[in-house]
Amino acid sequence: MQQKIVLIGGPGTGKTTVLNELIKRNFYCMPEVSRAVTLKAKEEGIDQLFLTEPLLFSKMLLEGREEQYVKANLLAEEIVFFDRGIPDVHAYMNYFNTEYPAFFIKKSAQYTYSKIFHFSPWKEIHITDNERYESFEESEEIDAFLVKAYSELGYNLINVPFGSVEERTNFIVNSLSCE
């Protein structure tokens, strides 16, 4: 049975960097959907879609993450890594105090993952860029909403210790006993 592994944590915690290292090690990885959605909106002249139309942005994210999950089911890969999962969507909406339809929670319950690796906020590596505009303090707040959303769905989070990219990646791989 395929293992679907999600990397979660606030913005700027090192998830994508570790995901890129997993790709180098020949693991199949699904990239973060929100960057693509954000860039597409910018091309259409909307600077911060999440801030201007949070529900539309969230629906687009949900669709993208659902597509990734379905695509993973069609793969022969034993392990598929995801840069964020479906529950991230409603966790962010809770953080922004955005009302949303019940299907967001239903999708989170419908599409389940094998393991969740949590990246805690880490001030030393936190940076902002064109798609990641959240401060370190905002990252900490978002992280608390992510932990709550996954915990409420019954997931046990595995905390990834601080360390080099290799150390963090090795921790995940060794936790799966898959290399």
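Two strands are said to pair if DSSP finds at least two bridges between them, and helices (H or I, at least four residues) and strands (E, at least two) are DSSP runs, numbered from the N terminus. This is a predicted model, in which local features need pLDDT of at least 70 and side-chain atom pairs count only at pLDDT 80 or more, while totals for chains, interfaces and linings use all residues. Residues are numbered from 1 along each chain as its sequence is written, and side-chain values use heavy atoms, with hydrogens and water left out.

Strand 1 pairs in the parallel sense with strand 3 (residues 79–83) over five bridges, and there Phe-81 is the bridge partner of Ile-5. Strand 1 also runs parallel to strand 4 (residues 115–119), to which four bridges join it, with Ile-116 of strand 4 as the bridge partner of Val-6. Five of the six residues of strand 1 are buried, where buried means under 20% relative accessible area, exposed over 50%, and partly exposed in between (1.4 Å probe, protein chains only).

Gly-12 sits in the loop between strand 1 (3–8) and helix 1 (15–24), and counts as buried because its relative accessibility is 7%. Although Gly-12 and Glu-124 are 112 residues apart in sequence, their C-alpha atoms are 9.9 Å apart in space.

## Asp-83 in strand 3

Asp-83, a residue of strand 3, is buried yet has no salt bridge, the nearest side chain of opposite charge being that of Arg-84, 4.9 Å away. A salt bridge here requires a side-chain nitrogen of Lys or Arg within 4 Å of a carboxyl oxygen of Asp or Glu; Lys and Arg count as positive and Asp and Glu as negative, with His and the chain ends not counted.

The side chain of Asp-83 does make a polar contact with the side chain of Thr-16, at 2.6 Å; such a contact is a pair of N or O atoms within 3.5 Å, and within protein one must be able to donate a hydrogen and the other to accept it, residues adjacent in sequence counting only if both atoms are side-chain atoms.

## Helix 2

In helix 2 (residues 33–43), the buried residues are Val-33, Ser-34, Val-37, Thr-38 and Ala-41. Seen down the helix axis, these fall within an arc of 130°, so they line one face of helix 2, the arc being that of the directions from the helix axis to the C-beta atoms. The face turned away from this buried side carries the exposed residues Ala-36 and Glu-43.

At the N-terminal end, helix 2 is capped by Glu-32, a side-chain oxygen of which lies 2.8 Å from the backbone nitrogen of Ser-34. Just after helix 2, Gly-45 takes a positive phi of about 85°.
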